[in-house]
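Have the viewer open as you read.

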Amino acid sequence: MAQGDYMDEHKKKYGRRFDHDERERKKKARDVHKHSKMAQKSIGIKGKMIAKKNYSEKALMKRTLKMHEESLSRRKADENVDEGALPAYLIDREKTSRAKVLSNTIKQKRKEKAGKWEVPLPKVRPVAEEEMFRVIRSGKRKTKQWKRMVTKATFVGPGFTRKPPKYERFIRPSGLRFTKAHVTHPELKCTFCLEIIGIKKNPNGPMYTSLGVMTRGTIIEVNVSELGLVTPSGKVVWGKYAQVTNNPELDGCINAVLLV
Amino acid sequence: MTMATNEAGMGNTVMCLLTDPEGTHLGSAMYIPQSAGPLQLTQLVNNFLNNEEKLPYSFYVSDEELLVPVGTYLEKNNVSVENVLKIVYQQQAVFRIRPVNRCSQTIAGHAEAVLCVSFSPDGKQLASGSGDTTVRLWDLNTETPLFTCKGHRNWVLSVAWSPDGKHLVSGSKSGEICCWNTKKGELDGSPLTGHKKWITGISWEPVHLSSPCRRFVTSSKDGDARIWDVTLKKSLICLSGHTLAVTCVKWGGDGIIYTGSQDCTIKMWETTQGKLIRELKGHGHWVNSLALSTEYVLRTGAFDHTGRQYPQNEEMKKALERYNKTKGDSPERLVSGSDDFTMFLWEPSVSKQPKKRLTGHQQLVNHVYFSPDGKWIASASFDRSVRLWNGITGQFVTAFRGHVGPVYQVSWSADSRMLLSGSKDSTLKIWEIRTKTLKQDLPGHADEVFAVDWSPDGEKVVSGGKDRVLKLWKG
């Protein structure tokens, strides 16, 4: 036992006074009056502190009382009409598949008519050629400088084979090749890992598009067949465009947002 | 017959036996020329049956429709000429319904998804229930909204017309039933309460059992079915016994109520005192949907393809006549579709045991429906197919594939020659029974199609879904 616990020790050895409980009760009963007297006569910061504490205690007490009252009294619950009505045969079913439905709105049709997509990232930072490519020296004396290595993330089609070194002007390193992208559906607010089908457009230039370079702002085509989206004529949509929203070469993954 | 005997000497004959779908022979086996096709056979059957009006028939050899002369069929399928060829004849509807192929109107109006649609038995009125808590009545001539009926407090899950076309009732998610005055579009009396949870189905008493229509039965999620009186505006009997939600209810032509439930059983009830008669067990999971072989004629009552109106006193007689004609000599058949991916065909008045188990679906069966003549069963399933079964034996006939999403509902044309299906993939498709192919694809909805109905007079098809519009389709 610690040195200073002489009170505890005494209690253990000899027990309490016989009138201990009575005294405690009286002390507690008097404490309220004492506290109120204190609260009334304190001024300044001390008074404010006491007042604040009293106030919060009182508010808490009132809240608990009200809660108890509510749980006792019986009232008719007014049912709210929920959004997203379902027929009787679907109410009991799990709603997991529902998140994947395309909310096919008029907005989309209007956009299609205009032939222009408003993309989430309208402007991109221009990427200079020096940043995009690294010169590779070749030749026996390493004097030739016509080879370039792409330093950004790329998409390379599944049937691609590299050209012989003599003809391979642009090298796309396999470490920076991607086949999948994390695509977010902006309306459903959920993200899917989808296969990339191709590069639609790289805003930095047509050459980058044909090379399959993916930088921030690039429009890629992704395979959405597993989302179960349906065209108005009832066919399954399988390719949809998405825009890259991160810097894949820095992050090591591709994040994109679906254009709907 | 004369034709048969005349050409018998030519050698190119085959021994045939004509039977009706139930297996009763028509005369004895006879020699008919191999050049005889469906046309000649039709004449023959009409002669044998002494039909005054010539009725159209179709012919089936081992469940395959005979479309070519008998001889050609024998050659093609290498059937022995020595055996007796069994030909099943089936009567076809004397009228033809034109297939719908275009959307005649898209009517906006509902503020939430359309959950149920229903044509009145005479095909002249249309009601729809929606998630915006209203029932709407539509003018079919101008294809415009007629009345908006407000009264429910929650989603309207089912609407049902009485078979005499005079009453309309609807059930909601909060469990109340509303009766509507269809002439004025007003609430007829206050909503009927009694069910504690949402209404899953409504079925009217057939008009040949009582005319004018008064009683109907509702099923609810709370595990009860209730019989109501529309004139007294009160609940007569509460049919309780199911331990889980009742998913569907049908009032049979013999005056028996069938209820299917999530507790995997189908129960049969007597209607005067609400006693349980029989319990049909067999399913391994929820029973989703029930259909009766006479359901279509019970729904339409006295109204047939001629579009004639009958006075009150004749209505019952005419309905009974139509009912007996559809039913034939065999007992009423019941088919139930379930979450265990199978369906059962029952003859509930004969035995407690199922007549046949219909297997083949790879996902749950959401909706089953007998064709108006009772010869086919169509089933809609979440495995994206609609399957067609023989309505008498329960044999699998064909699967209609084409939908890319779960199929929610099916509906028959009144002549049983075409089938309509609505799906989650936002399209409706019309299938032709004779050729067993897709007849028409009806795209147009912007989202899931929840409810479809083919009007009993065959003129129109209505569909409603999650995109909140009602579409009318025409031929």
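Tyr89(A) and Tyr408(B) are both buried, where buried means under 20% relative accessible area, exposed over 50% and partly exposed in between (1.4 Å probe, protein chains only). Their rings make a tilted aromatic pair, 5.5 Å centre to centre with 50 degrees between the planes. Rings of Phe, Tyr and Trp (its six-membered ring) pair if their centres lie within 6.5 Å; planes under 30 degrees apart count as stacked, over 60 as edge-to-face and the rest as tilted. Since Tyr89(A) sits in helix H4 (residues 88-91) of chain A and Tyr408(B) in strand E31 (residues 407-412) of chain B, the pair joins two chains. Helices (H or I, at least four residues) and strands (E, at least two) are DSSP runs, numbered from the N terminus.

Tyr408(B), at 3% relative accessible area, has another partner too: its ring centre is 5.8 Å from that of Phe382(B), and with the planes at 65 degrees the pair is edge-to-face. Phe382(B) lies in the loop between strands E28 (376-381) and E29 (385-390) of chain B, so this pair ties together parts 26 residues apart in sequence. Phe382(B) is buried as well, at 17%. Ring pairs link Tyr89(A), Phe382(B), Tyr408(B) and Phe450(B) into a cluster.

A word on ground rules: this is a predicted model, so local features need pLDDT of at least 70 and side-chain atom pairs count only at pLDDT 80 or more, while totals for chains, interfaces and linings use all residues. Residues are numbered from 1 along each chain as its sequence is written, chains are lettered from A and ligands numbered from 1 in the order in which they are written, and side-chain values use heavy atoms, with hydrogens and water left out.

Staying in chain B, look at Arg333(B), in the loop between helix H5 (312-327) and strand E24 (334-338). Arg333(B) is buried, at 5%. A polar atom of its side chain lies 2.8 Å from the backbone oxygen of Gly374(B). Lys355(B) is 22 residues away in sequence, yet 9.3 Å away in space, C-alpha to C-alpha.

Now for the cysteines. The structure holds 0 disulfides over all chains, a disulfide being a pair of cysteine sulfur atoms within 2.5 Å. For Cys193(A), the nearest cysteine sulfur is that of Cys253(A), 9.7 Å away. Cys238(B) has its closest cysteine sulfur in Cys248(B), and at 17 Å that is too far for a bond. Cys193(A) is partly exposed at 37%, and Cys238(B) is partly exposed at 33%.

Terms used: A polar contact is a pair of N or O atoms within 3.5 Å; within protein, one must be able to donate a hydrogen and the other to accept it, and residues adjacent in sequence count only if both atoms are side-chain atoms.
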